[in-house]
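Trainee: Hi! Could you walk me through the strands in this one?
Mentor: Happy to, let's open it up.

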Amino acid sequence: MIQCSDSADARRIRKWSKRVIRFVYFSVMFVMCAGLSIITYKQPTGEYGCTSIVVQFGDEVWEDAWVTLDSQCSVDSDCNANQKCFQGNSHENPFCHEKRLLIFSHFNGLYTFDGIEAERPKYVEMNKEKGDPFKSTIPAEIKYCKEIESWVFFHRNIQTTLDSKASNECQWLLRSEETEDFDLVELSTGFWRLWDGKVVDDYRIDIDCAECVQDSDCNYMGACVDEPGDGLDQKCECFDGRFGIFCQFETPCDVIRSEKDSNTTLNIVQDLDQDNDSITFVSVYSRPIYSARMQGKPYSLMRDGYPGQEDQYFAVEYPVNASVAVAPHKHNEPDQYDDDDFFEINNQSVAFQQLMKNYTFLLRYTGSRWYGQIVDPNLSSNSFKEEEYHAFWMNSFSGTGQEDNSTLIISEATTMAHPAGVDFFEMRRRNKVFESGVFDYDYSQYGVLIPLVAHDGAGFFHCNIPSE
């Protein structure tokens with residue numbers, strides 16, 4: 001009897017053990033399936049990804065990008081010379097289009113989550129000052145293209161071709177490798193493809209989350225704080241003397257001077273309202289702007305020496321008398337750069353001749369390089385409103401005509417926080433279109449870059465320290 005009782009108890013124990021095991025098993029399976037379902041549901045919404053990302057393209061360019069203009073048209077004759085009438089996939093009506101130099105780094109900066117497309121998050125370009133949405137400028141986008149199963153960078157107003165049948169899928173300008181990944185940041189470690197009239201393989205871009213998790217993400221130069229109102233889960237609040245999304249930059253010097261002439265100085269443009277933050281200067285592309293009021297040809301910011309000066313600057317010949325005119329585009333000697341198409345083109349305009357009597361020289365960053373520009377004298381610290389500034393859409397340099405000829409000098413590609421210590425170049429022979437026609441020379445996308453310093457790495461601008 002005792003053996004029978006023991007056997008019955010053992011069977012009951014085994015029976016209940018199996019039930020418990022089944023219950024635990026199915027409970028775990030239920031929890032796992034529920035969790036997986038939640039993840040599957042929320043992952044496309046960007047719940048587990050970055051709310052905002054920082055995108056850094058390289059210095060590559062495409063010379064023949066077709067850009068949609070604001071003018072509607074019916075036929076080509078409705079547009080200006082060198083423009084075409086075309087109705088792209090992104091527009092209901094045909095618009096005039098023109099070819100421009102597409103500099104990809106002009107689209108560097110902050111991109112923020114803006115809904116779901118193709119079951120994945122879509123990121124939209126933010127303005128270059130504070131990282132807020134553009135008010136009137138149409139932003140670029142980074143999204144997933146189901147047609148080619150890749151993430152793509154595109155802009156609705158930039159066409160790869162005016163032949164609708166030959167255009168890239170999803171109008172891509174950059175595309176990732178084929179992937180089903182939801183995490184765009186992870187994909188930045190792989191190779192992308194770039195379009196410059198043909199497919200360029202093995203192209204790399206940098207994409208980082210703009211949010212921080214802990215103070216170390218702020219380089220220990222700031223605190224990681226909750227900022228839900230800014231579109232970021234958490235952001236770096238920099239300590240005094242630091243700035244940048246990750247507090248990676250030291251506060252720049254207030255005044256810089258030219259290597260060529262220490263009396264030529266540019267002042268940082270102050271942010272008068274400061275927007276309730278610790279940044280005391282106006283910035284674009286997370287860099288300060290410098291300016292100076294000038295008149296006449298800015299020889300102190302150019303390669304050639306001053307008119308009548310005996311010593312040649314870096315052994316470059318120049319006209320000794322400022323009244324001696326140099327014929328434009330007479331390129332008989334390949335190593336002779338005495339011609340100066342910046343002033344040759346612009347001086348044909350009465351408005352430019354008046355501008356040269358009183359103007360603002362502006363030095364600002366454009367995503368990869370610093371541009372030195374001659375602009376309207378009314379631009380001052382009181383009137384700088386950079387919410388809509390975009391180096392591409394404001395024709396900082398497009399290489400096609402007179403409208404972008406405000407840029408006189410350009411830096412090397414750099415990620416430095418300020419222009420001090422960066423090498424600069426004077427731009428020559430950089431415009432394909434001249435008033436009297438198109439010329440047959442072919443140089444780099446920026447024309448011929450004449451070094452403004454005698455030695456690489458010397459830097460053309462330096463902080464103006466009073467004790468020096």
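**Strand 18 and its sheet**

Mentor: Strand 18 (residues 255–258) and strand 19 (residues 265–268) run antiparallel and are joined by three bridges. Here two strands pair if DSSP finds at least two bridges between them, and strands (E, at least two residues) are DSSP runs numbered from the N terminus, as are helices (H or I, at least four).

Trainee: What should I know about the model itself?
Mentor: The model is predicted, so local features need pLDDT of at least 70 and side-chain atom pairs count only at pLDDT 80 or more, while totals for chains, interfaces and linings use all residues. Residues are numbered from 1 along each chain as its sequence is written, and side-chain values use heavy atoms, with hydrogens and water left out.

Trainee: Back to the bridges: which residue in strand 19 is the partner of V255?
Mentor: V255 has N267 as its bridge partner in strand 19, and I256 stands opposite L266 there.

Trainee: How many residues lie between strand 18 and strand 19?
Mentor: Six, and the two strands form a hairpin.

Trainee: And what about strand 30?
Mentor: Strand 18 is joined to strand 30 by three bridges, again antiparallel. In strand 30, C463 is the bridge partner of I256.

Trainee: What's the strand order of the sheet?
Mentor: The order is 29-26-25-24-23-22-19-18-30, an open sheet of nine strands with antiparallel pairing. Strand 29 (448–451) and strand 30 (461–463) are the edge strands, each pairing on one side only.
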